[in-house]
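Subject: Handover of a structure and summary of findings

Dear colleague,

Please find below the structure that I am handing over to you.

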Amino acid sequence: MTTTLHRTANRALDPGLPVRLSLTPKTTLTGRLDGAWWPRSRDLAAELPALVDALEGRWGRITRVLVNPSHWPVVPHKVAVIGHVLHSGWFTEQDPDKIILLSYTTGRCDLLVIPPETDPASAARLMTAAALPGSVLTAGALMSGEAATGRRMREARSSESAWESEGGAGPAPQPQPQPQPQPRPTAHPAVGARMIPLPGHTGR
């Protein structure tokens, strides 16, 4: 079987690109994730060196990484990073939207992996949500929530476009004033059932 790597950018061709990474601030609150990572491709061997280099200042020397192979076409056993070799492995039971990095000094770092093809607005929301201290949301829950948000936004845009195409963007028609009924003259009460001539009055 032939494996194809879907690349949105090749780091080997442009190594100066910054790592797109968001980490939770240091706090006593512990959550399910330590932040989010937005790689530029599905090439794990090309993406890991820059990620590890960015993390080692906070987490110490990272020696092992664990992923779910469903999102990574090739999972190499070893990856050369700055100053040492990183061992990588995979587990199908692991959340496919998460990467685990292990360090001798600090323990482990769990990051949400944002798909490379994600649009910038969605990626920004995910990176913010994954870096909230004390959050109990898993990587899979964050991705599901963002997918639902994206659907609602697309539906809203679709409804707005349909409304504008039907002329809804123009000014609403103003109701025409209705003619007011003229007041009827007040009827005087009748004096009696028959006319009574007044004294000294003669008819003509």
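Leaving aside its neighbours within four places in sequence, with which residues is methionine 127 in contact? Please keep in mind throughout that this is a predicted model. In that model, methionine 127 touches Arg20, Leu21, Ser22, Ala36, Trp38 and Ile114, once the neighbours within four places in sequence are set aside.

Methionine 127 belongs to helix 2, which covers residues 120-130. Its relative accessible area is 13%, and because buried means under 20%, methionine 127 counts as buried. One of its contacts, leucine 21, deserves a separate remark. The two residues, methionine 127 and leucine 21, are separated by 106 residues in sequence, yet their C-alpha atoms are 7.7 Å apart in space.

I turn next to the strands. Strand 5, residues 84-90, is joined by 4 bridges to strand 3, residues 62-67, and this pair runs parallel. Within the pairing, arginine 64 has histidine 87 of strand 5 as its bridge partner. Strand 5 is also joined to strand 4, residues 78-81, again by 4 bridges, but here the two strands run antiparallel. In this second pairing, valine 79 stands opposite leucine 86 of strand 5. Strand 4 and strand 5 form a hairpin with 2 residues between the strands, and there glycine 83 adopts a positive phi near 90°. As a general point for viewing such elements, side chains in a regular strand alternate between the two faces of the sheet.

The largest pocket holds about 150 Å³ of space. Its lining consists of 15 residues, and those nearest the centre of the pocket are Thr24, Pro25, Leu29, Asp34 and Arg58. Sorted by class, the pocket lining comprises 6 nonpolar, 6 polar and 3 charged residues.

As for cavities, a search of the whole structure finds 1 cavity of 30 Å³ or more. The largest cavity has a volume of about 40 Å³. The residues lining this cavity are Gly31, Arg32, Leu33, Ala129, Ala130, Leu132, Ser135, Leu137 and Leu142. By class, the cavity lining contains 6 nonpolar, 2 polar and 1 charged residues. Among the lining residues, Ala129 and Ala130 fall within helix 2, residues 120-130, the helix that also holds methionine 127.

With kind regards

Definitions and conventions. Residues are numbered from 1 along each chain as its sequence is written. This is a predicted model: local features need pLDDT of at least 70, side-chain atom pairs count only at pLDDT 80 or more; totals for chains, interfaces and linings use all residues. Side-chain values use heavy atoms; hydrogens and water are left out. On a 1 Å grid over the protein atoms alone, a cavity is a set of points where a 1.4 Å probe fits but cannot get out, and a pocket is an open set with protein on both sides within 12 Å along at least five of seven lines; lining residues have an atom within 4 Å of a point. Grid points are joined across faces, edges and corners, and a volume is the space filled by probe spheres set on the points. Ala, Val, Leu, Ile, Met, Phe, Trp, Tyr, Cys and Pro count as nonpolar, Asp, Glu, Lys and Arg as charged, and the others, Gly among them, as polar. Two strands pair if DSSP finds at least two bridges between them. Buried means under 20% relative accessible area, exposed over 50%, partly exposed in between (1.4 Å probe, protein chains only). Contact means heavy atoms within 4.5 Å.
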